[in-house]
Amino acid sequence: MESREGVPDDVWRRARRIWVTELESCPRQRQYRLQGEESLGSHFVQVRGSVSHQIIEQIIKGETIDPDFSQMPEAKLQILEEVDVPIKNLREWLETTDIDLSEAESEVSLETPLRDGYVLVGKIDLLTPEYIIDFKSGSKRNTKEYRTQLVAYNEMMKKYDGVERELRDVFLGGEKAIELNPWERSKSTLNSDTARFERLVDARIKHTEHILKGETVPCELSFTCAFCRYRHICRGL
């Protein structure tokens with residue numbers, strides 16, 4: 001569905017694509033983006049995360065490490081210094097993990113149709129016939145956001161090939177890499193987090209429908225407001 005009555009085609013093309021990584025984000029941020037509001041440049045933390053994932057992909061593929069620093073070239077030396085430990089831990093994890101990586105694919109892009117013309121979009125860091133693995137450059141944290149991402153990738157892959165895979169976060173920011181099954185010692189369950197993921201998708205579609213009608217959607221205040229590209233115009237009301 002490449003068009004929507006009453007909505008400019010370019011707006012609908014952007015609005016219909018819902019990224020897995022934005023399911024937990026503030027609806028107001030999406031509103032500003034779709035309305036074409038001028039945004040601030042990337043925050044250092046965001047650039048560092050982007051560079052980290054570029055390096056992870058290049059290492060896994062056996063490519064020369066050559067990340068893109070164009071968003072913040074003045075921070076190149078500081079970012080390289082801060083990602084030194086995650087790089088070392090990643091190399092050690094690749095050599096020592098018990099997971100069979102012989103058929104692994106990195107940065108696997110997925111698009112799954114939703115209702116009313118919407119599409120869920122995601123990218124899996126590392127995919128094997130048995131595992132979905134998401135790399136985190138920081139220290140170990142079992143958060144709802146991280147679990148939502150793994151659940152989303154799992155549901156998307158099941159619709160693609162019908163396979164139920166093991167789900168793992170791999171944290172690279174500590175003394176060594178830590179491989180985590182988020183539901184092994186948690187009050188949360190895979191089923192409850194899957195149900196929560198489905199509610200988040202439904203809420204994101206409903207919010208987008210309100211935005212396309214010119215209505216204002218809620219602002220969710222949190223510490224991530226400090227990194228928001230629209231913090232210069234949003235007052236949290």
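Trp-93 and Phe-135 are both buried. In this predicted model, the count of aromatic pairs comes to five. One of them brings together the rings of Trp-12 and Tyr-118, with centres 5.1 Å apart and planes at 75°, so it goes down as edge-to-face. This pair links distant parts of the chain, as Trp-12 belongs to helix α1 and Tyr-118 to the loop between β2 and β3, 106 residues apart. Trp-12 and Tyr-118 are buried too. The rings of Trp-93 and Phe-135 also make an edge-to-face pair, because their planes stand at 85°, with 5.4 Å between centres. Here helix α5 supplies Trp-93 and strand β4 supplies Phe-135, so parts 42 residues apart in sequence get tied together. Back at Trp-12, the charged end of Arg-4 sits over the ring, 4.2 Å from its centre.

As for the nonpolar packing, the largest core has 30 residues, and those touching the most other members include Leu-23, Ile-124, Phe-197 and Leu-212. Two or more residues each come from α1, β2, β3, α6 and α7. Apart from this core lies another one of 22 residues, with Ile-59, Ala-75, Trp-93 and Ile-133 among them. Leu-212 reaches Arg-4, Trp-12 and Tyr-118, among other contacts beyond four places in sequence.

Cys-234 is in no disulfide either, with the sulfur of Cys-219 nearest at 3.8 Å. Cys-26 is buried at 17% relative accessibility, and Cys-234 is buried at 19%. Overall, the structure holds zero disulfides.

How values were computed. Residues numbered from 1 in each chain as written. Predicted model: local features only at pLDDT ≥ 70, side-chain atom pairs only at ≥ 80, totals over all residues. Heavy atoms only, no water. Core = buried A, V, L, I, M, F, W, Y, C linked by side-chain atoms within 4.5 Å. Buried < 20%, exposed > 50% of the residue type's maximum accessible area, 1.4 Å probe, protein only. Helix = DSSP H or I, 4+ residues; strand = E, 2+ residues; numbered from the N terminus. Contact = heavy atoms within 4.5 Å. Disulfide = S-S within 2.5 Å. Phe/Tyr/Trp six-rings, centres within 6.5 Å; stacked < 30°, edge-to-face > 60°. Lys NZ or Arg CZ within 6 Å of the ring centre and 35° of its normal.
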